[in-house]
Structures are given as structure tokens and as C-alpha cells.
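Here's a quick walk through a protein model, meant to be read with the coordinates open. Have a look at it first, then read on.

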Amino acid sequence: MSQDLLRLPGLSHEEFLRLHWQRRPLLLRQALPGFKPLIDRRRLFELALREDVEARVVRREGTHWQVLRSPLRARDLGAVRRPDWTLLVQGVDLHDEGVAELLRRFRFVPDARLDDLMISWASDGGGVGPHVDDYDVFLLQAQGRRRWRLGPVARPRLRPGQPLKLLQDFEPEQELWVEPGDLLYLPPGWGHDGVAEGECMTYSVGFRSPPADELLRHLLWKLAEELPAGVRYSDRGALGRGWAAHPARLPEGMVDFVAEAFARLRPSRAGYTRALAELLTEPKQEVVFSPGDRVGLARRLARAGVRLDRRSRMLWAPAALAINGESVAPQLAASRLLRRLADLRELSPAHYAQATPAERELLLQWCRDGWAHPADRARHGPQEPA
Ligand SMILES: [Mn+2]
């Protein structure tokens with residue numbers, strides 16, 4: 001179960017991270033030589049119509065753009081031969097094991113940053129227009145040809161009155177054509193405009209970097225859960241003379257009460273770490289785990305080892321270990337076995353045999369919840385109901 005990371009032609013992961021990551025674009029010709037689409041157009045279209053899938057259709061007529069968002073109906077997808085439209089399907093890795101495997105080949109960037117794999121299909125001339133993203137992205141050309149125009153954008157000005165964010169005056173400084181197997185890396189802040197030349201498919205490996213205000217909102221929410229519940233404001237003895245004349249006045253004591261509650265929120269670094277790990281492992285909204293098969297579970301784990309479900313998110317840090325939005329019990333937070341599972345997403349039977357009773361009980365529970373599976377279960381498992 002070696003980590004089958006994607007080798008970048010001509011440079012090491014370290015060199016890529018030092019020289020290009022978050023700095024400048026990089027085109028890697030034939031990073032995946034002989035690449036064939038993992039999902040054909042028909043299956044992608046079917047996926048786009050599912051309720052638990054986030055998808056968009058973008059159409060262009062001259063300078064007029066139209067965007068349709070999920071839930072999409074069959075008639076929202078245009079005729080394949082009609083030019084100038086594209087279908088974007090988010091989070092395909094959640095629904096297809098082959099695509100999830102491809103996404104995992106990009107784990108030379110931390111899991112905490114990795115988001116999802118989006119597949120876009122485009123008819124001739126299709127694209128989403130010149131735009132700039134807040135996130136890093138790898139664009140893998142999966143099928144057909146696409147023309148990219150790229151250029152740095154210092155202060156993006158958007159075209160008014162459009163249903164999607166389009167750059168007002170994009171001045172590309174380079175133009176390039178990509179073919180199947182070519183990989184283009186773009187850092188945040190680089191304007192780009194990709195136009196299909198004939199029918200084409202592009203895979204976008206997306207990253208995330210939550211902004212500080214969003215992180216704080218979530219962290220405060222999590223930290224508030226650590227306060228003793230049910231401590232209520234009381235104004236015993238505080239309501240003396242004078243209040244009846246100004247019933248609309250907010251009692252000062254209530255402000256003090258909030259200030260005191262806030263002062264009691266004194267999270268340790270471990271507390272922050274736990275909350276952050278829980279937040280970042282929260283499953284995507286559309287993910288629903290189905291309970292695993294319990295028959296002979298302990299025996300199957302002992303024989304085959306254990307593997308995380310492709311949709312499970314797991315992170316660890318010196319003071320925390322979280323899976324799917326939940327921290328493990330403090331006495332297991334430093335478990336080397338569980339860290340190994342998080343890093344490799346799989347434990348061999350030999351490693352599973354070393355599990356303590358508490359670790360084993362936890363792994364059994366994760367299998368019952370559908371978060372993990374005995375590693376003898378076919379990865380490609382039964383198709384989930386549409
Ligand atoms: Mn983009």
C-alpha cells in the first residue's frame with residue numbers, strides 16, 4: 001500500500017512546492033502520459049443529475065452568459081453538438097473510486113488543503129470565461145484539446161450584470177494549448193480563460209484555504225461547546241430602583257455576563273488544534289455514510305486489515321486526531337496506529353494486529369458507521385443508489 005504519488009516530470013515535489021506552489025503557474029506536459037478519462041460523458045451527465053451532486057451548466061451566446069445550478073434536470077443539459085456550453089461537476093471523487101484514487105495522487109500537498117476533484121465537460125467553444133480564483137488548482141486535460149490564456153491579475157474588475165464572475169479587462173500574457181495528460185498548475189490570483197477546441201474534458205484538482213473570519217466563526221462555535229451548558233444570566237438583586245422608568249434599557253449586568261462568558265473561553269493550543277481538525281474533517285454536506293456490514297467484521301478486519309472509506313476525512317496533529325468532524329477520545333489522540341491509518345488511509349493485517357483493545361473498538365465502530373471498511377471489500381463496491 002505504497003503511496004502512489006504523482007511524479008512531476010522534470011522536478012521533485014519539494015522543488016514544485018518551493019518554486020511554484022502559491023507563486024507561479026507551471027505547465028507540465030504529459031505529467032500523466034496516455035491518460036484516458038476515468039468517467040465517460042454519459043456517466044458524467046448522469047452524475048450531474050443526481051440530487052447529492054453539485055453541478056453547473058454554463059452557456060454562452062455571444063457576450064451573454066447563462067448559468068444553471070443543481071438540481072439540474074435532463075433538459076438543462078444541451079445537445080452535445082451544440083457549441084459554447086460546459087457542464088461542471090463538483091466532488092466527483094466522492095462518487096467514483098478511480099477518481100478518488102487520482103485525487104490521492106496529489107497528496108504531496110497536505111490533506112488539510114486538498115478539497116475535491118471537479119470534472120468539466122465542454123462542447124466546442126465551451127468554457128466559463130476569463131476569471132480568477134481564490135484557490136490553487138491543478139488542471140489535468142483528460143480528453144480533447146483546450147486553449148488556455150493566462151495572466152496575473154492584480155486587482156480584478158468584474159463585468160457587471162453577469163451571472164458568473166468574469167474579468168472586465170483580462171490581459172493574458174501567455175496562450176497555450178493542452179492535450180490529454182498535460183497538467184497545468186495555477187496559483188490563486190492568476191487570471192485564466194480555457195476554451196474547448198472540439199469536445200473536451202478537464203479535471204480540476206481543487207484546494208481550499210479558509211479565510212480567517214470563516215475559521216474564527218467555526219472555532220468559536222466549537223469552543224463554545226466546551227463551556228459548561230446551562231449557565232444562565234441572573235439579575236437577582238440587580239433590579240433596584242429606576243428600571244421601571246426605562247424599561248427599554250439593556251441591563252449593564254447582561255453585558256457583564258457576556259464579557260465573563262467570553263473571558264472563560266480561554267482555549268489552549270490543543271483546544272484550537274482539536275477544533276480546527278474537527279472543522280477540516282467535516283464531511284461535505286452531500287455526504288451520507290451508509291452503515292457497514294457487521295457480519296464477521298472483527299474476523300474480516302483481522303484477516304484483511306482496514307481501509308478508510310474514500311469519503312472519510314481524517315487529520316492528525318500532535319494534540320489532536322479527528323475523523324469526519326469528530327475528535328477521538330483524548331487517550332487515543334496520540335495513537336501511532338491511528339496516525340498511520342490517517343496518513344496511509346489503510347492498515348495492513350499486521351498493523352491491525354498491533355491495535356490495542358481501545359483502538360480496535362474504535363476501528364470496529366468506524367466500520368459499523370461506514371467510515372472505514374475491511375480492506376477485502378472491493379474498492380469499486382456497489383454503485384450507490386441514485
Ligand atoms: Mn478557474
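What follows goes from the overall fold to helix packing and then to a few backbone details.

First, some ground rules. This is a predicted model, so local features need pLDDT of at least 70 and side-chain atom pairs count only at pLDDT 80 or more, while totals for chains, interfaces and linings use all residues. Residue numbers start from 1 along each chain, as its sequence is written.

**The whole chain**

The protein chain has 10 helices and 15 strands; these are DSSP runs (H or I of at least four residues for helices, E of at least two for strands), numbered from the N terminus. Along the principal axes, its C-alpha atoms fill a box of roughly 80 × 65 × 45 Å. Of the 386 residues, 30% count as buried (20 or more other C-beta atoms within 10 Å of a residue's own; 12 or fewer is exposed, and in between is partly exposed, with C-beta atoms placed from the backbone). Take the contacts between residues at least 6 apart in sequence: 79% of them join residues at least 24 apart. A contact here means C-beta atoms, placed from the backbone, within 7 Å.

**Helices that cross**

Two packed helices are described by the angle between their axes and the distance between the axes. Here are two such pairs, with axes fitted to C-alpha atoms over the stretch in contact and angles running from 0 to 180 degrees between N-to-C directions.

| Helix pair | Axes come within | Crossing angle |
|---|---|---|
| α4 (212-224) and α6 (269-281) | 9 Å | roughly 115° |
| α7 (297-304) and α10 (357-369) | 11 Å | roughly 110° |

The angle makes α4 roughly perpendicular to α6, a label that covers 65 to 115 degrees. On the α4 side, the contact is made by H218, L219, K222 and L223, and on the α6 side by G271, Y272, A275, L276, E278 and L279. Sorted by class, this contact has 6 nonpolar, 2 polar and 2 charged residues. (Nonpolar means Ala, Val, Leu, Ile, Met, Phe, Trp, Tyr, Cys and Pro; charged means Asp, Glu, Lys and Arg; the others, Gly among them, are polar.)

α7 and α10 are likewise roughly perpendicular to each other. Here L297, A298 and L301 of α7 meet L363, L364 and C367 of α10. By class, that contact has 6 nonpolar, no polar and no charged residues.

**One face of α3**

Which residues of helix α3 (97-104) are buried? They are V99, A100, L102 and L103. Viewed down the axis of α3, they fall within an arc of 160°, so they line one face of the helix; the arc is that of the directions from the helix axis to the C-beta atoms. What do they pack against? Their partners are β5 (114-122) and β9 (190-207).

Most residues other than glycine have a negative phi, and most peptide bonds are trans. The peptide bond from S70 to P71 is cis, with omega near 5°, and P71 sits in the loop between β3 (64-69) and β4 (85-89). Q22, not a glycine, has a positive phi of about 65° and lies in the loop between α1 (13-19) and β1 (26-28). With 11 other C-beta atoms within 10 Å, Q22 is exposed. Q30 also has a positive phi, near 50°, and belongs to the loop between β1 and α2 (41-48). Q30 counts as partly exposed, with 13 C-beta neighbours inside 10 Å.

Finally, A350 is in helix α9 (349-352) and counts as exposed, with 8 C-beta neighbours inside 10 Å. A350 and R303 are 47 residues apart in sequence and 9.0 Å apart in space, C-alpha to C-alpha.

Technical notes. Parallel < 35°, antiparallel > 145°, perpendicular 65-115°, else oblique. Contact = placed C-beta atoms within 7 Å.
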